[in-house]
Amino acid sequence: MNDSFPKPVLGSLYDVPETFTVTKTRQENYRIKTVFFDKALPCSPGQFVMLWIPGVNERPLSAYRSDPLAITIANVGKFSGRVYVLNPGDRVGIRGPYGNRFELHGKNVLLVGGGYGLVPLSFLAEEAKKRGVKATVVIGARNGKDVILEKDFEIAGCRTFICTEDGSRGLRARSPDVAAALLAKEKFSAIYGCGPEKMEEALVQTARKHRTPCFVSVERHMKCAFGICGACACGDRLACAHGPVFSAEELEGNPDFGKTFLDWGGKRQSYE
């Protein structure tokens, strides 16, 4: 890794949450829902916002769309469970957007997602369609009922491959393995990945083998969102301020990527 610390992409230190009102929700599967708000926020694929529910907490969420703003939430904990049950008319605080974005390179790209990591990739697929970029997507999930956003990629004109770990839907495989098989047969101008970090690590390794530019969105615990607290550290990078999107080159030699992370209490944990 580079010995010098990169310049962070900072939001305003004086950012305060702005009130957004829920207009509608859409069920994606048994535990994942998309929430649409009453106004736009100028964010791009890969960026995130901080959503605040007074008296509950504030957490980072990837932008699903920008106009109007929408986020997609998985009901997996206390905070996400509270967001999951939002109804039209409910109000929340939102600040951002934060972080950098996915930049499209070339005219034939491969999108590889796992679980709700498909959310920013859906946003990217929409942008690819607008710019005349051909996109192939690999949708990965543990099982068939966990597959999400398939319709989005269909609308965006993507060639789609679905894979599940148990084989209950599509191919019985993991998304990096399907990506490797595709790369062995055809050339892509760039690869974009989002999902569990071990999945991203495997994808980066495959991209290096095939000498294909690769960009992944690294998910870490983000508390401040603008590079102050250090909770989202990944080696000498901060996911909120230097990312969350990193190139394979930026991650090469990173001692934490795919290996360890800091939990909410700041204690180092292993992905193994």
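Predicted model: local features only at pLDDT ≥ 70, side-chain atom pairs only at ≥ 80, totals over all residues.
Hi everyone, thanks for coming.

Seven strands make up an open sheet with mixed pairing. Reading across, the order is β10-β9-β8-β7-β11-β12-β15. Which strands sit at the edges? They are β10, residues 171–172, and β15, residues 245–247, and each of them pairs on one side only.

Now look at β7 and β8. Strand β7 covers residues 108–114 and β8 covers residues 134–141. The two run parallel and are joined by seven bridges.

Next, the helices. Helix α2, residues 118–130, packs on the sheet and touches β7, β8 and β11. Its direction makes about 160° with that of β7. Then there is helix α5, residues 197–209, which lies across β7, β11 and β12. Relative to β12, helix α5 runs at about 170°.

To describe a pair of aromatic rings, we give the distance of the centres and the angle of the planes. How many aromatic pairs are there in this model? The count comes to seven.

Take F102 and Y192. Their ring centres are 5.8 Å apart and their planes stand at 85°; over 60 degrees counts as edge-to-face, so that is what we call this pair. F102 is in the loop between β6 and β7, while Y192 is in strand β11, so here the pair links parts of the chain 90 residues apart. Are these two residues buried or exposed? Both F102 and Y192 are buried.

Y192 has another partner, F215. Here the centres are 5.6 Å apart and the planes are at 20°, so this pair is stacked. Y192 belongs to β11 and F215 to β12, so the pair ties together parts 23 residues apart in sequence. Both Y192 and F215 are buried.

There is also an aromatic cluster, formed by F48, Y98 and F226.

Last, two charged side chains over rings. K24 lies over the face of F36, at 4.8 Å from the ring centre. R65 lies over the face of Y64, and there the distance to the ring centre is 4.3 Å.

That's my tour. Happy to go back to any of it with the structure on screen.

Notes:
Residues numbered from 1 in each chain as written. Heavy atoms only, no water. Pairing = 2+ DSSP bridges. Helix = DSSP H or I, 4+ residues; strand = E, 2+ residues; numbered from the N terminus. Contact = heavy atoms within 4.5 Å. Axes fitted to C-alpha atoms, helices over the stretch in contact; angles between N-to-C directions. Phe/Tyr/Trp six-rings, centres within 6.5 Å; stacked < 30°, edge-to-face > 60°. Buried < 20%, exposed > 50% of the residue type's maximum accessible area, 1.4 Å probe, protein only. Lys NZ or Arg CZ within 6 Å of the ring centre and 35° of its normal.
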